[in-house]
Amino acid sequence: MDIRLIMGSSSDIEVAKKVTKMLKKFGLSYEVSVISAHRALDVLKETVEKDDCKVYITIAGKAAHLGGVTAGITTKPVIGIPVKGSALAGMDALYSIVQMPKGVPVATVAIDGGENAAILAAQMIALSDEKLAQKLKDYKEEMKQAVIDSDKELEEI
């Protein structure tokens, strides 16, 4: 398995779908779990200790300790996605994930930034996978072409 995607709550499913859509695009294998760092710490620890994945992607809102706790258990890369789910519009989760102590890094993407988390995980894995690296280059080319096409459509205005 390439990626373990862990949601802090099943309410994070829409963000998880953004991640899995991109992981499928790049042909990456993954497993998805709901494990609360606060309510099921022993389950999280057991899962992370036995995993054979290459990268973790965690999705959490509010206090958003899931990424940090996961990073505290493993030496594998952890990417945290803050969720816009509280009265603070996800800023609380963003600050919680990005402000990690020295020695426990969690790469952090934008609030609800599932696509970028998947792309970042793919880029990490592509360091030792030439086929995946080519898929990423092709994707960048697709994005460039979409911009060029959008610019050409302006001529019709």
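This is a predicted model: local features need pLDDT of at least 70, side-chain atom pairs count only at pLDDT 80 or more; totals for chains, interfaces and linings use all residues.

Colleague: Annotations, then. Which residues does the UniProt domain "PurE" cover?

Modeller: The unreviewed UniProt entry puts "domain: PurE" at residues 1-147. Over that stretch the chain is 48% helix and 17% strand. Its end C-alpha atoms sit 34 Å apart.

Colleague: And where does UniProt list the "coiled-coil region"?

Modeller: At residues 129-156, again from an unreviewed entry. The chain there is 89% helix and 0% strand. End to end, the C-alpha atoms are 42 Å apart.

Colleague: Pick a residue in there. Where is Glu142 found?

Modeller: In helix 6, which spans residues 130-154. Glu142 has 44% relative accessibility, so it counts as partly exposed.

Colleague: Which side chain does Glu142 join in a polar contact?

Modeller: That of Lys25, at 3.2 Å. Compare Tyr95: Glu142 is 47 residues from it in sequence, and their C-alpha atoms are 33 Å apart in space.

Colleague: How does the lining divide into nonpolar, polar and charged?

Modeller: Six nonpolar, eight polar and three charged.

Colleague: Where does UniProt place the "binding site" feature?

Modeller: At Ser9, Asp12 and Arg39, per an unreviewed entry. The lining of the largest pocket includes Ser9, Asp12 and Arg39.

Colleague: Take Ser9. Buried or partly exposed?

Modeller: Ser9 counts as partly exposed, because its relative accessibility is 28%. It lies in the loop between strand 1 (3-7) and helix 1 (13-25). Its side chain makes a 3.0 Å polar contact with the side chain of Ser11.

Colleague: And Asp12, buried or exposed?

Modeller: Asp12 has 5% relative accessibility, so it counts as buried. It is in the loop between strand 1 and helix 1.

Colleague: Which residues does Asp12 touch, leaving out those up to four places away in sequence?

Modeller: Met7, Ile59, Ala60 and Val83. Ala60 also comes up among the residues closest to the pocket centre.

Colleague: Where does Ala64 lie?

Modeller: In the loop between strand 3 (55-61) and helix 3 (66-73). Ala64 counts as buried because its relative accessibility is 4%.

Colleague: What about the phi of Ala89?

Modeller: Positive too, near 60°. Ala89 is in the loop between strand 4 (78-83) and helix 4 (91-98). Its relative accessible area is 35%, so Ala89 is partly exposed.

Colleague: Last one. Where is Thr47 found?

Modeller: In helix 2, residues 41-50. Thr47 is at 9% relative accessibility and therefore counts as buried.

Colleague: What lies 2.8 Å from a polar atom of the Thr47 side chain?

Modeller: The backbone oxygen of Val43. Beyond residues up to four places away in sequence, Thr47 touches Arg4, Ile35 and Tyr56.

How values were computed
Residues are numbered from 1 along each chain as its sequence is written. Side-chain values use heavy atoms; hydrogens and water are left out. On a 1 Å grid over the protein atoms alone, a cavity is a set of points where a 1.4 Å probe fits but cannot get out, and a pocket is an open set with protein on both sides within 12 Å along at least five of seven lines; lining residues have an atom within 4 Å of a point. Ala, Val, Leu, Ile, Met, Phe, Trp, Tyr, Cys and Pro count as nonpolar, Asp, Glu, Lys and Arg as charged, and the others, Gly among them, as polar. UniProt positions are given in the numbering used here, feature names are shortened, and annotations may be inferred rather than shown by experiment. Helices (H or I, at least four residues) and strands (E, at least two) are DSSP runs, numbered from the N terminus. Buried means under 20% relative accessible area, exposed over 50%, partly exposed in between (1.4 Å probe, protein chains only). A polar contact is a pair of N or O atoms within 3.5 Å; within protein, one must be able to donate a hydrogen and the other to accept it, and residues adjacent in sequence count only if both atoms are side-chain atoms. Contact means heavy atoms within 4.5 Å.
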